[in-house]
Amino acid sequence: MDSARPNNPLNDQVKRINLLLHSFLSSHLPTEIVINILDLSEQWLLGYSASLHNGGRVKIISNSEVVLVATPHFSRQDITHLRKVTFDFRSKDQGWCSRQDAGNWTWFDAALCDDVDAADRPQKYHLQHNEQAGKEMKDYRVELKKAEHHELFTDLRAGDRIALMGCAAFPGWVNYVESASLQLWMVDNLS
């Protein structure tokens, strides 16, 4: 996944700060402890970023799950360095419902899959429901962090991919997705 690391000015800035801190601290502390300090302060690099590119809305109808965006396959090293996954999406449901007390049936899941067809994979993690009967598109951001012991990090295996899925259940429910992206944040090993 290192080959997919975005050429990002933020990465350059974080890398410079990390190396500066390392040069200052390394005369007093071993490199492993310096890396732990930078990790705990969340001085991470953007390791991968992907977005839904379709030029329009995705319409997810009742009883459907759609993979909106997915990562490449993870290596053992990628899993070791992964610290945070950020999901961003702009969406709404169909804009009406007959009974507000009957639940909300459009949502987003993260899924672990070994292929893009994540719908058959049992390892799914609820991220967010759309606002019920929302008339306007709404922006959502969900962050999962390894330090918070989210199951996704413990379940992730070499060869897996992380997918963002849009979902809708029951007749009449529709999940309209205008944009979707995911970012992987990795620890800096100071190399």
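Reader: Is leucine 184 buried or exposed?
Author: This is a predicted model. In it, leucine 184 has a relative accessible area of 0%, and because the cut-off for buried is under 20%, leucine 184 counts as buried.

Reader: Which strand is leucine 184 found in?
Author: Leucine 184 belongs to strand β9, which covers residues 175-186.

Reader: And which residue stands opposite leucine 184?
Author: That is tyrosine 48. The strands concerned, β1 and β9, pair in the antiparallel sense, and the pairing runs over six bridges. Serine 49 is 135 residues from leucine 184 along the chain, yet their C-alpha atoms are separated by 6.5 Å.

Reader: How many residues of β1 are buried?
Author: Five of the seven residues in β1 (residues 45-51) are buried, which leaves the strand mostly covered.

Reader: Let us turn to helix α2. Which of its residues are buried?
Author: In α2, residues 31-40, the buried ones are Val34, Ile35, Leu38 and Asp39. Viewed down the helix axis they fall within an arc of 140°, so they line one face of α2.

Reader: What does the face turned away from that buried side carry?
Author: There α2 carries the exposed residues Glu32 and Leu40. Just after the helix, glutamate 42 takes a positive phi of about 60°.

Reader: Now the charges. How many salt bridges are there?
Author: The count comes to eight. In general, side chains of opposite charge can pair when their charged atoms come close. One of the salt bridges joins the side chains of glutamate 65 and lysine 124, at 2.8 Å from N to O. Glutamate 65 is in strand β3 (residues 64-70) and lysine 124 in strand β6 (residues 124-129), so this pair links distant parts of the chain, 59 residues apart.

Reader: How accessible are glutamate 65 and lysine 124?
Author: Glutamate 65 is partly exposed at 32% relative accessibility. Lysine 124 is also partly exposed, with a relative accessible area of 26%.

Reader: Which residue does arginine 90 meet in a salt bridge?
Author: The side chain of arginine 90 meets that of glutamate 178, with an N to O distance of 2.8 Å. Arginine 90 lies in strand β4 (residues 82-92) and glutamate 178 in β9, so the pair ties together parts that are 88 residues apart in sequence. Arginine 90 is partly exposed at 26% relative accessibility, and glutamate 178 is partly exposed at 34%.

Reader: Which residues are linked in a network of salt bridges?
Author: Arg90, Asp139 and Glu178 are linked in this way.

Reader: And what does lysine 138 pair with?
Author: Lysine 138 forms a salt bridge with glutamate 131, and their closest N and O atoms are 3.8 Å apart. Lysine 138 is partly exposed, with a relative accessible area of 38%; for glutamate 131, partly exposed as well, the value is 44%.

Reader: What is leucine 152 in contact with, leaving aside its neighbours within four places in sequence?
Author: Its contacts are Val85, Ala110, Leu112, Tyr125, Leu144 and Ile162. As for lysine 124, it is 28 residues from leucine 152 in sequence, and their C-alpha atoms are 8.4 Å apart in space.

Conventions:
Residues are numbered from 1 along each chain as its sequence is written. This is a predicted model: local features need pLDDT of at least 70, side-chain atom pairs count only at pLDDT 80 or more; totals for chains, interfaces and linings use all residues. Side-chain values use heavy atoms; hydrogens and water are left out. Helices (H or I, at least four residues) and strands (E, at least two) are DSSP runs, numbered from the N terminus. Buried means under 20% relative accessible area, exposed over 50%, partly exposed in between (1.4 Å probe, protein chains only). The arc is that of the directions from the helix axis to the C-beta atoms. Two strands pair if DSSP finds at least two bridges between them. A salt bridge is a side-chain nitrogen of Lys or Arg within 4 Å of a carboxyl oxygen of Asp or Glu. Contact means heavy atoms within 4.5 Å.
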